[in-house]
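Q: I'd like to learn how to read a protein model by eye. Could you walk me through it?

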Amino acid sequence: MGQQSSLVSEHAGRSQLLMTDIIFERTDSIEGGEASLNLVDLCVLEAPGLGEAKKYTLVSTSPGRWEVNGFIEIDRAADAMDCILKSDTGEDVGFLHLDVILMEVRGDGMSSDNELSRKVEMCQEQIELTMRWKNAETQLESIGGDDDLADQLNSYAVRQAVDFETTGVLSTLNDGISFVQQAVDMTPQGHADLPSRLNNLGGMLLRRFERAGELSDLTNSTTLAQKAVELTPGGHANLPARLNNLGISLARRFERTGEPSDIADAIAAGQKAVELAPRGHADLPAMLNNLGNSLNGRFDRTDELSDIADAITAQQKAVELTPQGHANLPSYLNNLGNSFTRRFEQTWELSDIAEAIAVGQKAVDLTPQGHADLPTILNNLGGSFTRRFERTGELSDIADAIALQRKAVDLTPQGHAQLPGFLNSLGGSFTCRFKRTGELSDIADAIAVQRKAVELTPQGHAQLPCFFSNLGHSFYQHYYSTGKMGDLEEAISCYKTASISSVGSPRARLHAAQRWARTLIQYDPQSPEILLAFDTATGLVAMVAGLEQTVRGRYTQLEETSSLALKAAAAACAVDRPDKALEWLEQGRCLVWNQLNNLRTPLTDLQMKDEDLAQEIANVSQQLESAGSSRVQSHVDMSLREKMSLEVETRAHSDLAKKWKDLLRRARALPGFESFLKPSPCSAIMSHLPESGPIIVINVHKSRCDALALMAGLNEPLHIPLPNFSIHKAKKYRAIFDHQLRARKLRAREVEVALSIDDQLSLRGVRPAPIGKDGEDLSVHRALRGLWEEVVKPVLDALGISNVDQTSGETPPRVWWCPTGPLSFLPLHATGIYQGSIRENVSDYVVSSYTPTVTALTDRLKNPHSIDSDASGLFLTSQPSAPNASPIPGTTKEVQSIFKRAGESGVRAYKLEGNEMSVTACLDRMQEFSCIHLACHGSENLNAAEPLQSRFLFHQGDLELGTILRSNLKNADLAFLSACQTSVGQEALPDEAVHLAAGMLAAGYRRVIGTMWSIGDAPAQEVATTFYDYLFSHRDETSGSGFDGTLSAVALHHAIQHLRLSLDDSDIRSMKDSS
């Protein structure tokens, strides 16, 4: 280490001596039972008495080694100085007297780089301690005043910071911080150089945080960086650099605390810096690199691929703009490799991990030995090798990974903030190799280093839950191999600790909670903690898919947890807790629709308690709903300015979500509102059930299948096990339907064409039953019979529901089906035995309806709303020739027939056909009429992440579901969707009800008629006209010209029964009611 520059901090005309790079180090043995020592402070007294004692903090940098946090200034008026060392108990444990005049030549030794040393007199004689330091002397007669002095202090501090970047010696950085702090203190408000000095101080504090991990340094760094930016006028040449540094501080704070608004602000600051930096600016590569890091950080939280794509683009440009030999090139290559690795973890595209390893290896090759960044670069390259090993199984990759990560750990000094992360990564690689080879020494090493990572990580660190979860996984692997119960107990304890943490990524905590629950179910199925584990997990799902994200983003997050609620419910049923099963299914299914329902919840009761708070909640809920459904996602073709505009929207959305949480806390603090918008307990769900029939929730999981029957008057659900059904059968039956529907081309509502007799028989189902390779009957009839015998009939029998004589005119009782998992795609309302001498089906017993969740139905009953008499009526439209869709001329006849009968019945009705209607006109009519009939093509978006783009196809454009949701339909009652596949749903999210029918319920319609697959044009007409005939003939005579859908389920039941004998069962089975 070279001699430090001679700078001072006093006024002109004074002479001072500076002691820098001050280290105290034990020179005796510290092994085994030798005396312990923990130094915390150094007190310095100058003689003769030149003031009070000065106190300096000692920082432990490794066992038996402490560094002074700063430097010591000694006035030349002093003849001597006394140094007193204090322990963590406050006791004086060591003493050293130094003669100032002769200090430079009276050390016990002087090294070649001008380092001096003296032995310390210790109270415990068996302890040997040596003090080492360097001297710097300066005369200040040439300095003209405080401004010149501050400038020189700042310059010296910058040189110290540059030195630290290469060497990583903390005392060098501490000196720099002390000098620049004095420069800031000497700089008056309004001084032109104040922003620069604040920026430098903030940057150095950030570097010390990255090295030592002290949260106060990070907090102060961010505050100083923000102030520096605020004080810098627009157009200033240094504004980009200061924005860049602010972005880095915010990104580090996000990594440490997990606060989403920090990473949004970091990206915004980084984008602004890049935009303002002129082309060819020397710091532009650094700004691009740091912007990429921030985007990478947000990708870790959201898995939004556009973020990692933008990160890679920015970092590739940073590398391209950096000349060979530049000191920062290895760092840029390292970060680019890290981003490629992160994208590989999402896409498993081998070219990404190959690129990550290539640029990471180049970064290692270009980094000199001893460079402070080398451990990080080695660790990240090792991580890339580990990821490739997980994909390819090539043992040489994991061997290389472990070697690199071992070296990273060995090169990292004790107390370094990144050491826990390096240890965690090394442990993960050991565990990966163990799972492949079974070598017990690997899993023992994994546990050892990961335990150390946990011990070294401060409480409140955002990565701590992840470290605990990984340690738990290693303990579990050790248990799985050895059978030692202690390891299993440790694994469960680690999973629990990670899960219930109040900090860290919700997704990491959810992952740990799932491991916690899964392990308990497998090894201790009667443990009472199973309920706690699933309570924790289901609560975290809502945080993973929080309101600060777009609807698209929430659905993307939910794809990884789609079966969690079903697994939890199965576990609850296994311990005879149907109440918990119901609560978890309600909390964990249809999450996005439930969020929308919460945003639209009636606030009448709250208004009576606190009108202002209710209005605030109403305002924020409207803004959140709009932001979630309308905010555009970034994509690679956008300009930087467009992306910056989106970041402003993103931050505003995040702020709204935070405000929403604060408003909920305020509401729940009011007496009587403690559970306001919290997930409902079983008792609350059971208190608003329909009187006309039960709700049947059917849970389908690989471990077991169960039905929960909810009936008015009961305190908890009736648990009906379904031992003869399985998830395997559900998937098989669904595959049968899918294959047969494709074979019959039942994928779109189409006009029927003239067919031969053989073709007609084929389409009407008179064809040989499909046979499986083992002779198994794979016909639709077999699937419907299986569902009847294994699911529906056992439920009806348990409830004591018998068949109704169809000739008696008696209406069967109502039943609402609420299926889960793959059963959501199957027609429970059409199950039965359709072949043989004894035939029966579900419609002989009950009138079937569906509800996506129990709460969707009970909320309607709990919060009834009257329909404005002026809006009561029926609006109809036919769209027979929409662009890029097959013609459906029967829709014209269908609508005209219904419209005519409405008029004859005195019902207020209005119709628009084909080109007469625009999308805007349709929305206007939806506001004016309580009931709508859409005879058109429907299109459900095949991308589960874009459900709001599902739409109805009109001549004059498409009406998207997202547009309907934003319409605030206060008088909505019945929606008849005479279109194809309006209640099918997405395979990736079977329990989110991602289809048009559920969307119309969410938009406010109380009753929706939809189809599970395509229906022929002519049968659709017949079903619709018969349906309305029933409603018109059963109208309340006092309703005037009004119209409502109260009897819609019975009307649909009647229409299907009426047509059953004359039509292909596939058309009849398609129709379903959600009311």
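**Reading the model**

A: Let's begin with the surface: the accessible surface of the protein comes to about 44600 Å², and carbon and sulfur atoms hold 49% of that. Such areas come from the Shrake-Rupley method with a 1.4 Å probe, and for residues only the protein chains shown count as cover. This is a predicted model, where local features need pLDDT of at least 70 and side-chain atom pairs count only at pLDDT 80 or more, while totals for chains, interfaces and linings use all residues. Residues are numbered from 1 along each chain as its sequence is written, and side-chain values use heavy atoms, with hydrogens and water left out.

Q: How many helices and strands does the protein have?

A: Helices (H or I, at least four residues) and strands (E, at least two) are DSSP runs, numbered from the N terminus. Here you get 37 helices and 26 strands.

Q: What share of the residues counts as buried?

A: Buried means under 20% relative accessible area, exposed over 50%, and partly exposed in between (1.4 Å probe, protein chains only). Of the 1075 residues, 55% are buried.

Q: Is Arg-589 buried or exposed?

A: Arg-589 is buried, at a relative accessible area of 3%. You'll find Arg-589 in the loop between α21 (578-588) and α22 (591-599). A contact means heavy atoms within 4.5 Å.

A: Axes are lines fitted to C-alpha atoms, for helices over the stretch in contact, and angles run from 0 to 180 degrees between N-to-C directions. Helix α15 (residues 464-482) and helix α16 (residues 485-499) pack at about 160°, with their axes 7 Å apart. Angles under 35 degrees count as roughly parallel, over 145 as roughly antiparallel, 65 to 115 as roughly perpendicular and the rest as oblique. So α15 and α16 are roughly antiparallel to each other.

Q: Which residues of α18 and α21 meet?

A: Leu-531, Phe-534, Asp-535, Thr-538 and Gly-539 in α18 meet Lys-580, Trp-584 and Gln-587 in α21. By class, that contact has three nonpolar, three polar and two charged residues. (Ala, Val, Leu, Ile, Met, Phe, Trp, Tyr, Cys and Pro count as nonpolar, Asp, Glu, Lys and Arg as charged, and the others, Gly among them, as polar.) Helix α18 (residues 529-544) packs on α21 at an angle of about 15°, with axes 10 Å apart, and the two are therefore roughly parallel.
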